[in-house]
Amino acid sequence: MSQDAEMDGAEMDGALAENVAPEARHPQEVHRRHVFYVPGFDPMGARRYRELYRTHAGRQADISSYEIGVSAAPKQAGNYAWAVTSEIEGKRTETTVEFLEWSDLVRQTMNRNTAHALWTWAWTGTWFLWSGAVSAWARLHRKILIPGLYPYLTILAQLLVGLLAGLGAGALVVAFGLTTHAFWPVALVAGGVATTAILLYFRKRDQKHYIYYLLFMLAYAAVRAQKRPKPMLDREEAFAQRVAEVLRSGAADEVLVVGHSAGGYVAVPIVAKLLRMEGLDLGKLSLLTLAHVIPLTSFLKGASDMRADLNLLSKTPEITWLDVSAPGDGGCFPLSDPVATCGAADADQIWPKVISAAFTQTLSEEAQDPKVFTFFVRHFQYIYAFDKPTEYDYFRITAGPLTLRTRFAERTTSPSVVRRVCTPYTNRT
């Protein structure tokens, strides 16, 4: 058995032995739900996510023997949305999934030219190393260094190849008997041309290599820690006001905010803003973070506001916060407490409840075939169907008749969750 399989199995806490659906053990609580989905750092828009939801909801319903239907819905306050109807254990639930779009800001970041990308590579690489962020991330989870260092090392390799090409061209000029004074001019020109060609080659093929995607994602986390960029801060405020509007309307029995990947460090300030508002029924508010990368921001020097928000969420008893990850996902900080690891936890911490999606237990061997279970598929598996589902079922959570709190009321945080403080920056002011 692999190490990941052993870890996953340990995290299930006996849940695999419990095969009775919670819907059969509890009365229906949710007749109408409103889900706010916050995507990660993804230039793709809402329609892609609706199709993913529709496709995988159907697969999960077939596997788990319940009924679920997905259909188009009118925009909600200008946001793209879809409607979900489910019937699980004879209980019918109506859900509206509203997509909190920030892919336009992602595209603006990623559409900058290659010269700007090189500047981003230089300053973020220097910042992450100088600030101690890289070593802090490694202390929490060494696997994150693979995607974390990948864009920096690959661009460095491209620059070195360009440099060597230039030096080689200069050496050829000298070798063919031309004056040695031509070495450096030829080397500089040839090196510049070769470097530019190499950089542009990989930039145009980034959908295959993901070098610049990961670079800009890390850069975005860095500037968010410095309380920038303003368009993102304004977007977070607008998102919070929209969620508050739905809470005040009383139209939903549960209002569930879902933050996937980098959407986790967007969802946290949204929910924190709600907790600071007056007159909201916080008992209806739940937060689900999936495959979080919150330490990319919360471990940095300027992220005092993020740490303060995490602290506030962690000790507010009215809300429910569940965090789900898996050791087999190399694109997140699996089984780590996002509050405690950045030093934001107090003695009265309640949330989040951290559990494992346990890929090695909940997916068949065919589904885990490395040819199909790639890096990005692993990172998105949380919102996909599981062919051997146990306690975690994204579609029961987002469209079923129970609240997040009730569904996981008997579940404790996984015993091997990492809670040690891994960053020297722990201030909240």
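Which residues of strand 5 are buried on one side, and which on the other? I began my notebook with that one, keeping in mind that this is a predicted model.

**Entry 1: strand 5.** I looked up both faces. Glu254, Leu256, Val258 and His260 are buried on one side, and Val255, Val257 and Gly259 are buried on the other.

Entry 2: Next I checked what pairs with strand 5. Strand 1 (residues 32-38) runs parallel to strand 5, and six bridges join them. Here Tyr37 stands opposite Val258. Strand 6 (residues 285-290) also runs parallel to strand 5, again with six bridges, and Gly259 faces Thr289 there. To get from strand 5 to strand 6, the chain goes through helix 12 (residues 263-275), and I noted this β-α-β crossover as right-handed.

**Entry 3: aromatic rings.** I found 25 aromatic pairs listed for the whole structure. One of them is Tyr210 with Phe376, a tilted pair with 4.4 Å between centres and 40° between planes. These two are 166 residues apart in the chain. Tyr210 is partly exposed at 31% relative accessible area, and Phe376 is partly exposed at 22%.

Then I took Phe359 and Tyr382: their ring centres are 5.4 Å apart and their planes are at 50°, so I wrote this pair down as tilted. They sit 23 residues apart in the chain, and both are buried.

**Entry 4: charges over rings.** Last, I looked at two arginines. Arg48 lies over the face of Tyr49, 5.4 Å from the ring centre. The charged end of Arg203 sits over the ring of Tyr212, at 4.9 Å from its centre.

How values were computed
Residues numbered from 1 in each chain as written. Predicted model: local features only at pLDDT ≥ 70, side-chain atom pairs only at ≥ 80, totals over all residues. Heavy atoms only, no water. Buried < 20%, exposed > 50% of the residue type's maximum accessible area, 1.4 Å probe, protein only. Helix = DSSP H or I, 4+ residues; strand = E, 2+ residues; numbered from the N terminus. Pairing = 2+ DSSP bridges. Right-handed = clockwise from strand over helix to strand, strands pointing away. Phe/Tyr/Trp six-rings, centres within 6.5 Å; stacked < 30°, edge-to-face > 60°. Lys NZ or Arg CZ within 6 Å of the ring centre and 35° of its normal.
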